[in-house]
Structures are given as structure tokens and as C-alpha cells.
Amino acid sequence: MEFSETDEHGHGTHIAAIIGGRTYGVAKLVTIVSIKAFNTRGKGSSDNVIKALEWVAQEAVGGRSVVNMSFRCPRNKSIDKLVTDLFNNNILSIVAAGNDRNQNISYASPSGAPSAYTVAAIDDMNSFFVNNSRGAGIRVYAPGVRIASAGIRQQNVHVASGTSMAAAHVTGVAALYLSTNAGPMTSQQLIQMLNANATQIPGISRGIIFNR
């Protein structure tokens with residue numbers, strides 16, 4: 001499996017720039033730590049994801065860190081347990097629901113992990129993204145359609161749609177809350193903050209989205 005120290009695929013750069021990029025970032029002063037679990041074609045394995053999450057568990061600061069996981073893989077008990085372990089150590093995992101309208105999030109990881117904060121997408125008219133994966137475990141909806149962010153070429157702007165972009169927006173919001181809070185926040189406190197500052201929109205299942 002071919003890996004590179006730089007992003008040769010582009011998805012990670014696009015997501016990171018939504019979270020905290022200088023131009024497009026929600027939390028522009030956040031410190032972003034990149035952990036590579038996928039190769040130059042955007043392919044990876046559950047084992048690589050597990051190793052990445054184990055690194056986070058060792059290195060991230062509880063109560064001051066949040067994890068973005070804008071990917072999915074087949075349901076894996078070890079991944080789900082690591083998401084729970086991070087939650088219990090006050091590191092919330094904000095994850096993409098997935099872009100398969102015919103699949104329930106419970107059949108994938110980390111979207112189906114009980115301790116994950118799973119995000120689906122809406123467009124700029126607050127309409128449901130047609131390709132959202134489904135399931136009762138979706139916690140919130142956020143902008144994920146035609147999202148402009150950084151590309152991997154110099155001065156490149158890339159526009160993409162999906163629940164990955166929605167999860168990135170929520171991760172940025174969570175990072176802002178952590179940065180402005182006087183002290184460390186528990187995972188549950190961060191969830192309560194996210195939910196309390198969302199807006200209910202009629203017609204959206206579970207009805208909670210973030211203002212743009």
C-alpha cells in the first residue's frame with residue numbers, strides 16, 4: 001500500500017481546511033494534527049484506522065481535543081471500542097454518516113459507534129443531502145453540499161459534497177467551543193454545547209442543524 005508524507009489524494013486537505021484553514025476554516029486558530037491512515041488513492045484498512053486511533057489515545061489531550069473522522073469502513077468492534085475509550089477520556093469523535101443512501105450507519109464504523117457524534121449533510125437551502133446514509137444514530141445535520149475549501153494544488157480551490165464536509169464543519173464548531181471554554185470540557189459537555197447551539201429546522205429528521 002503506497003503512502004506519502006504529503007496529501008496526494010486531496011480529501012484530507014479539503015476536510016482539514018474546512019475545520020481550521022486560514023481561508024475556509026471554521027476555527028482558524030485551531031492546531032490541526034494530521035494522522036495518515038490512507039494511501040495516495042484514499043484507500044486504507046481497518047488496521048490502519050485502529051493504529052491511528054491508538055496514537056490519538058496516547059497523544060491527544062483530554063478535554064482539549066476533538067477528533068474528525070470523515071471516512072467509514074465496515075463495522076469493526078475494535079474501532080468502535082476505541083471511539084468509546086476516547087469519549088471516556090473526554091476526546092469526542094465527530095464522524096461522517098456516509099454517502100450511501102441505501103445503507104444504515106449502524107453497518108459501518110465509526111459512524112455506527114454508540115459514542116460517536118455522527119453527522120449527516122444538508123445543502124444551503126437546509127434540504128436533506130440525497131446521498132446521506134440513514135439511521136437513528138445521526139446526531140446532527142450540517143452544511144455538506146457544494147462546499148468550497150482548499151485543494152492540493154497551489155492556490156487551488158476544490159468544491160465537494162458529502163457527509164465528510166458536514167462532519168468537518170461540526171468539528172470546527174467543537175474546536176471553537178473548546179478554545180473559548182475556561183477549562184477542559186468533558187465529552188458530554190461538548191455534546192450538550194453542540195446540541196444547545198443548533199437550530200431546529202422543520203422537515204429534517206431529528207431536526208437539528210448548525211447555522212452557517
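Picture a 1 Å grid laid over the protein atoms alone: a cavity is a set of points where a 1.4 Å probe fits but cannot get out, while a pocket is an open set with protein on both sides within 12 Å along at least five of seven lines. Residues count as lining if they have an atom within 4 Å of a point. Grid points are joined across faces, edges and corners, and a volume is the space filled by probe spheres set on the points.

Before we look around, note that this is a predicted model, where local features need pLDDT of at least 70 and side-chain atom pairs count only at pLDDT 80 or more, though totals for chains, interfaces and linings use all residues. Residues are numbered from 1 along each chain as its sequence is written, and side-chain values use heavy atoms, with hydrogens and water left out.

## The cavity

How many cavities of 30 Å³ or more are there? The count comes to one, and the largest cavity has a volume of about 40 Å³. Its lining is made up of Gly-63, Arg-64, Ser-65, Asn-90, Leu-92, Leu-178, Met-185, Thr-186, Ser-187 and Leu-190.

## The pocket

The largest pocket holds about 1,500 Å³ of space. It has 48 lining residues, and those nearest its centre are Ile-32, Val-33, Ser-34, Ile-35 and Asn-68. Sorted by type, the lining of the largest pocket has 26 nonpolar, 15 polar and seven charged residues.

Helices (H or I, at least four residues) and strands (E, at least two) are DSSP runs, numbered from the N terminus. Helix 1 (11-20), helix 2, strand 1 and helix 4 (163-180) each give at least two residues to the lining of the largest pocket.

## Helix 1 and its cover

Let's call a residue buried if its relative accessible area is under 20%, exposed if over 50%, and partly exposed in between (1.4 Å probe, protein chains only). In helix 1, the buried residues are His-14, Ile-15, Ala-17, Ile-18, Ile-19 and Gly-20. An α-helix has 3.6 residues a turn, so residues three or four places apart point the same way.

What covers the buried residues of helix 1? The cover includes strand 1, strand 7, strand 8 (157-160) and helix 4, with contact meaning heavy atoms within 4.5 Å.

## Salt bridges

A salt bridge here is a side-chain nitrogen of Lys or Arg within 4 Å of a carboxyl oxygen of Asp or Glu. The structure holds four of them. One joins the side chains of Arg-72 and Asp-100 at 3.7 Å, N to O. Arg-72 sits in the loop between strand 1 and strand 2 (73-74) and Asp-100 in the loop between strand 3 (92-96) and strand 4 (108-109), so this pair ties together parts that are 28 residues apart in sequence.

Another salt bridge links Arg-75 and Asp-80, whose closest N and O atoms are 2.4 Å apart. Arg-75 is partly exposed at 38%, whereas Asp-80 is buried at 7%.

## An aromatic pair

Rings of Phe, Tyr and Trp (its six-membered ring) pair if their centres lie within 6.5 Å; planes under 30 degrees apart count as stacked, over 60 as edge-to-face and the rest as tilted. There are two aromatic pairs by this rule. One of them is Phe-128 with Tyr-141, tilted, with 5.7 Å centre to centre and 50° between the planes. Phe-128 is in the loop between strand 5 (117-122) and strand 6 (138-143) and Tyr-141 is in strand 6, so the pair ties together parts 13 residues apart in sequence.

Most residues other than glycine have a negative phi, and most peptide bonds are trans. Now look at the peptide bond from Ser-109 to Pro-110: it is cis, with omega near 0°. Pro-110 lies in the loop between strand 4 and strand 5.

Asn-90, back at the cavity lining, has a positive phi of about 65° although it is not a glycine. You'll find Asn-90 in the loop between helix 3 (77-88) and strand 3.

Terms used: Ala, Val, Leu, Ile, Met, Phe, Trp, Tyr, Cys and Pro count as nonpolar, Asp, Glu, Lys and Arg as charged, and the others, Gly among them, as polar.
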